[in-house]
Amino acid sequence: MTAVTDQKNPTPGAQAIQIDGLRVSFGDFVAIPHLTFIARYGEVHGVIGPNGAGKTTMMDVITGKTKPKKGTVRLDGSIDLLGLDEPTIALAGVGRKFQKPSVFEALSVRENLEIALRLKPRSILAELRNWSDRRRVARVGEVLNEIGLSAQADLSAGVLAHGQKQWLEIGMLLMQRPKLLMLDEPVAGMTDEETSHTADLVRRLRSPERAVLVIEHDMAFVEEIADRVTVLHEGNPIFEGRMEDARQDAQVRAVYLGR
Amino acid sequence: MLPIRQFFARFFIPLVLVIAASLPANSQDRTAILAEICSGDFAAQQSALGQLASAGVEHGEAGANWARAIVDAFEGRDLRCGDGIAVIDGNAGPIMAETLEPTIGVDPEGLDAPSVNLRLRAVASSANAVLRLYTEAEAAERLSAASYIDRRREAATATNIGAALELETDPDVRAVLTTLRASLLLSDADPTNRIGAIEAIAEDATLRNRTTIAEAIKSETDAAVIASGETALASIDRTLAIGQVLATLYAGASYASVLFLAALGLAIIFGLMGVINLAQGELIMVGAYAAWFTQEAIRYALPGLLDYYLIIAIPVSFLAAALVGLIMEVLVIRRLYDRPLMTLLATWAISILLINTVRVTIGSQNLEFHQPGYVAGGFPIIGDFIMTSNRLFAIAIAVLAFIAVVVLLRKSLFGMNVRAVTQNRSMAGAVGIDTRRTDMMAFALGSGLAGLAGLALSPLYNVNPGMGTGFIVDSFMVVVLGGVGSLIGAIIAALGIGQINVIIEPIYGAVAAKVFVLLMVIVFIQWRPEGLFAPKGRR
Amino acid sequence: MANDQTAARVDSPLLFRIVAGTLFLLLISLPVLGGPLSGSSAGISPYLANIIGQIATFALLALALDLIWGFAGILSLGHGLFFAMGGYLIAMHMLKSGYVYGGVTPDIMTFMGWNELPSYWVLFESFPYAMLLILVVPGLVAFLYGYVSFRSRVSGVYFAIITQALTYVAMLLMFRNDTGFGGNNGMTGFTTLLGNDIGSSNLVIGLATTSVLVLLVAFLTCGALMRSPFGRLLIAIRDDEARLRFMGYDTLWPKLAVWCLSGVLAAIAGALYVPQVGIINPRLLSAEVSIEIAVWVALGGRGALSGAVIGAAIISALKFWLTGFVPELWPFILAGVVLLVVTLLPNGLLDLKLAMLRRPSRAKTRKASARPAA
């Protein structure tokens, strides 16, 4: 079912996602005029910027939800994502957590995790047979521990608290083992306690064969987790580097911090 | 209108006669004609009758009256001829044939009646009928005369029929005379005249005239006339084709108007609340029944205003449907906003309730609607295309409603609220817009528009409890095609679907039209799931 | 577009067993009570057996709709189309075999002045051929329409209305005489089915028993299927299809599979129904019939297979009883039931059960799903 299968193991520091000359517009409105962006393996990369900076649009393009007018998006330096549909992009190794927690509420926590793991072969029929595969069962147990929901494994996901749902969703992403993991405002609406638990989880997501992209408004949270930040303004990157440098940057202060 | 002809006949004609009688030229003509008719020579008598028949051409009604008196007398054998004198010896006593005044010193006893054979009698009857065209006050009499001439053409010429046609006001008589004159012209002995006739007839491009020319050139031998006839036919065909296209477009536009009104309401509600109102068709029915009730109430209370019931019903139909919509919204729909699929079932249940309530209380027969003059006739435009007033009424209602809705949505506070809630419900709620109230008002508005659709179609289609069911599918197709929340999209989609229906229906039948529309929409959704004119943006 | 949330994830096991048990009891008692014991006080008259058989086909139809609406969250307002397809195909078989083997000229030939039946009636005298078509034709139609719609992500209200439009067009086509399916009059005057006289009590009992059997088998099979990973995948599609796509699932195929399965089940129900009522005409394709199916499911509770069966049984039994003496009242009662269910019992009769049992885990689930759909 897929044209894209797993590639060779990535090396840390290599380019996980490479965006070149990207232009996205909706009717007359240009959301992203010309964007060039790179995220590398082994790093947690924060993307910040005021509302309308094009952060979510960028994610939409990478996951295939929005088709750009111009530009290229490459995964692993070789796979052109623009021609592919959402499921194929996901199977190529792009995972995404949405702003709103989206878990399958009528399924149990365990089933939510099970559904997220795609073993080979990945045709739908084979998938249904694979469901009881021992590797899957073991992996589900591991992730349940990791996200701290072992006790709730057999509850409906619908009854979980808001924070627990967010963690479950991160757990589902862990099951997917994506090469590029994108989190859209993972701590929005969380209590301080939940935020610090989430920060722990995100730090644990960092791995040499994975690039993590975090969109967030919460400066403190980004500073805590990100190795590198990019500041977007009206679809243009105006800063890239370490968070503490970003705070000093005059342009960044002007458009974002110094509001 | 007091028949002017009658008025003239009573008061002016005697006066004119006196004046006319004293005119020497006229007097000379009359003397010559009377001499001919008294001559006893068949050819001369025939020529005289011909001249008499054409008396109305030059001398109008006055001349025709005189001529008719002579022809009547000749036919009834009351005419007496002497040497240079002619007298009519009727029941009212002898009168001079030239002046129609009582005779002085002339004794009709010694004079002879000119001979009348069968052929002359036929010419005389025909001449009499021609003259009746000029002199009769009643349209029915003139119509009977015209149809008599159509059978007995002895005294009829293109000229005397043409002159009568110019004076004629009654459409039925005009129609007969027009054809008659055309066929008289076409049987003229001179080919040049026949060509002229063809050209004259071709100026009025109707199917009837096309048939007349086609018939004429079938038996024609002169090449030039045939060529001219074929050119004329081609030109008529072009005009007829244009008329046909316009008539189809016009019929399509009127169906589209009804569709547009229903779909506009559907689209506003769907855009705002994500709800498809399956009872929209029944709200159309409510609008039509409200129009009927208005008519009955006026008939009972103010019969003089009956002709204006369609105008008075505009607010009534709108408000009646809007009220039903309002009740629906408050009692049922508002509980279901986050469950659009359940709303389908609920609105369907309401439609069943409405249909059966009407069926039980009023009955399931078609309602009788009074047709006021302003929706009965039409304006001939080109070829056989008549812009009928009942369709014009539907189009006018749609245009007015469209303008009103545009103004309402663009300029009013309510319209701003509707647009705000459509775009972002929670944000609109957060900035203090009463979304519940907005929903309620918009639902009533959408329902009221369906009510107007019901009013607009009442002079066009049958009105009965089940009338709405056919509309919901087409209306929804308009919403899908036009895109939610786009007024222009709704117009273009309604026109498109309306036109497809009327274009395909006569050729392949109504079913084919529906199949085609459905397939088109399914294919269309493949290409643009958001509709033709959906506002672009991030979704 | 948001799909309506359903509280029931899968059936309550207890209710599921009760329904399966009842069906099983009916299955073994029908041939006995309707056959040898028919005349006795405990017996079932052919009339009652016929009604039970009809209700079983309605329940099967409701089951078919629940598969796609309750589980995958796709509402079809055009399941009458598949039901009618099964009905028309079996009617063609019965008329053709009566003509070929019994020498009975179908009314449709007399009416249309045909000397022979049109070419697409060929082979219809063969029962296996007719059975094959009953599975293949609706399956193919479901596949084509489903593929086109799901591929372009038509869903929710759009999908529902377009299914209704499709059924409406099919009704218009069937109303025409020249399509060769009996037009307005439909098809009736069946004489035999598999060598049995139509109307003979043997066939009545046999058809009723077969209907209950097919219903029971479908009920158990679908129950197992919905508890399987496939069922979970469908529920995931219902809850958040976009999320599933971002996890690498192409949701087209599972949706298409369950849609086709549902269409074929509905066609089988139609094929069992028509020999029991002895007539089929285009009115089976009217919007009312299709929406009534959805009402059965809504009343019983979406996403609970036992609910669908119970809902269909209650409403159609009520309809049989009421239309017997006050047919004018039925539309009002049906509309009233719908309004009651959608406004007060969003999960159908399950809500009543929940209210009575007050089981904490259930209550919790319900509370969670009462949240507006995203």
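Predicted model: local features only at pLDDT ≥ 70, side-chain atom pairs only at ≥ 80, totals over all residues.
Helices here are DSSP runs of at least four residues, numbered from the N terminus.

Elsewhere in chain B, helix 9 (residues 191-203) packs against helix 10 (residues 207-218), with the axes 9 Å apart and an angle of about 160 degrees between them. Angles over 145 degrees count as roughly antiparallel, and helix 9 of chain B is therefore roughly antiparallel to helix 10 of chain B. The two cross in a left-handed way. On the helix 9 side of chain B, the contact is made by B:Ile198, B:Ile201 and B:Ala202, while helix 10 of chain B brings B:Asn209, B:Thr212 and B:Ile213. Sorted by class, that contact holds 4 nonpolar and 2 polar residues, with no charged ones.

Still in chain B, helix 11 runs over residues 223-273 and carries B:Tyr250. A residue counts as buried if 20 or more other C-beta atoms lie within 10 Å of its own, and B:Tyr250 is buried because it has 20 such atoms within 10 Å. Setting aside neighbours within four places in sequence, B:Tyr250 is in contact with B:Met387 and B:Arg391. B:Asn417 is another matter: B:Tyr250 and B:Asn417 are 167 residues apart in sequence and 36 Å apart in space, going from C-alpha to C-alpha.

For contacts in chain C between residues at least 6 apart in sequence, 81% join residues at least 24 apart.

One helix pair in chain C is worth a look. Helix 3 (residues 79-102) and helix 9 (residues 252-277) of chain C have axes that come within 6 Å and cross at roughly 45 degrees, so helix 3 of chain C and helix 9 of chain C are oblique to each other. Their crossing is right-handed. Among the residues that meet here are C:Phe82, C:Phe83, C:Gly86 and C:Gly87 from helix 3 of chain C, and C:Gly263, C:Ala267, C:Gly270 and C:Tyr273 from helix 9 of chain C. By class, this contact of helix 3 with helix 9 of chain C has 16 nonpolar residues and 5 polar ones, but no charged residues.

Chain C also touches chain B, in a contact that takes 38 residues from chain C and 31 residues from chain B. On the chain C side, helix 6 (156-175), helix 10 (287-300) and helix 12 (330-344) each supply at least two residues. Helix 6 of chain C gives the largest share of that side, 13 residues. The chain C side of the contact divides into 30 nonpolar, 4 polar and 4 charged residues.

As for chain A, the secondary structure comes to 10 helices and 10 strands. Chain A has 259 residues, of which 46% count as buried. Taking contacts in chain A between residues at least 6 apart in sequence, 67% join residues at least 24 apart.

Key. Residues numbered from 1 in each chain as written. Chains lettered and ligands numbered in written order. Axes fitted to C-alpha atoms, helices over the stretch in contact; angles between N-to-C directions. Parallel < 35°, antiparallel > 145°, perpendicular 65-115°, else oblique. Left-handed = near helix turned anticlockwise from the far one by under 90°. Contact = placed C-beta atoms within 7 Å. Nonpolar A, V, L, I, M, F, W, Y, C, P; charged D, E, K, R; others polar. Buried ≥ 20, exposed ≤ 12 C-beta atoms within 10 Å, placed from the backbone.
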